[in-house]
Amino acid sequence: GAGVGWAISVAVLGMELTDYRPVWLVCVAMLSGGCVFAWLIEETIAPDKNSAGLGSSIEMIDSTKKSLHSLLVLFRNDFFCRWAIFATAICIGMGPMGLLKSFVLSAYDWPQGKFERVQGVAGV
């Protein structure tokens, strides 16, 4: 799926369009089609006989307390804290990639889409 998306984006960027409205219309149409398809799928899980709709406010408060407790347990886990710090560092490190695209377009006169082709082939 990611490879197909990359190939389509490289093809669209290679067209060097000045008006991207048709591209956005196709994207919205594909999203709408997916939403309609998901909406038409029948529910396969039988409803709980003990449940009365959305539940009472006491049940919702209890559920919220359980969720907050789960978050506290998660944040007390050393592995999760290290993973979160690592993920944040990766995001900070990858942040300048957006600037790199603008740089190569202006400094090296690369056409639109060339950076994406190089990026996809290099696996960055």
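The views below come from a predicted model, in which local features need pLDDT of at least 70 and side-chain atom pairs count only at pLDDT 80 or more, while totals for chains, interfaces and linings use all residues. Residues are numbered from 1 along each chain as its sequence is written, and side-chain values use heavy atoms, leaving out hydrogens and water.

View 1. A disulfide is a covalent bond between the sulfur atoms of two cysteines. Here the term is a pair of cysteine sulfur atoms within 2.5 Å, and a search of the whole structure finds 0 of them. Cys91 is exposed, with a relative accessible area of 58%.

**View 2. A nonpolar patch on the surface.** Leu68, Leu71, Leu74 and Phe75 make up this patch and together have about 380 Å² of accessible area, computed by the Shrake-Rupley method with a 1.4 Å probe, with only the protein chains shown counting as cover for residues. Patch members have over 30% relative accessible area and no salt bridge; like charges are joined within 9 Å and nonpolar side chains (Val, Leu, Ile, Met, Phe, Trp, Tyr) within 5 Å. A salt bridge is a side-chain nitrogen of Lys or Arg within 4 Å of a carboxyl oxygen of Asp or Glu. Phe75 lies in helix α3, residues 57-75; helices are DSSP runs (H or I, at least four residues), numbered from the N terminus.

**View 3. Helix α4 and its N-terminal cap.** Asn77 caps this end of α4, with a side-chain oxygen 2.9 Å from the backbone nitrogen of Phe79. The helix covers residues 78-94, 17 residues in total, and reaches 24 Å from its first C-alpha to its last, close to the 24 Å expected at 1.5 Å a residue. That expected span is 1.5 Å times one less than the number of residues.

**View 4. Positive phi at Glu16 and Asp109.** Glu16, in the loop between α1 and α2 (21-40), has a phi near 50°, a positive value in a residue other than glycine. Glu16 is partly exposed at 44% relative accessibility. Asp109 sits in the loop between α5 (97-107) and α6 (114-122), and its phi is near 55°. Asp109 is exposed, at 66% relative accessible area.

Methods: Helices (H or I, at least four residues) and strands (E, at least two) are DSSP runs, numbered from the N terminus. Buried means under 20% relative accessible area, exposed over 50%, partly exposed in between (1.4 Å probe, protein chains only). A polar contact is a pair of N or O atoms within 3.5 Å; within protein, one must be able to donate a hydrogen and the other to accept it, and residues adjacent in sequence count only if both atoms are side-chain atoms.
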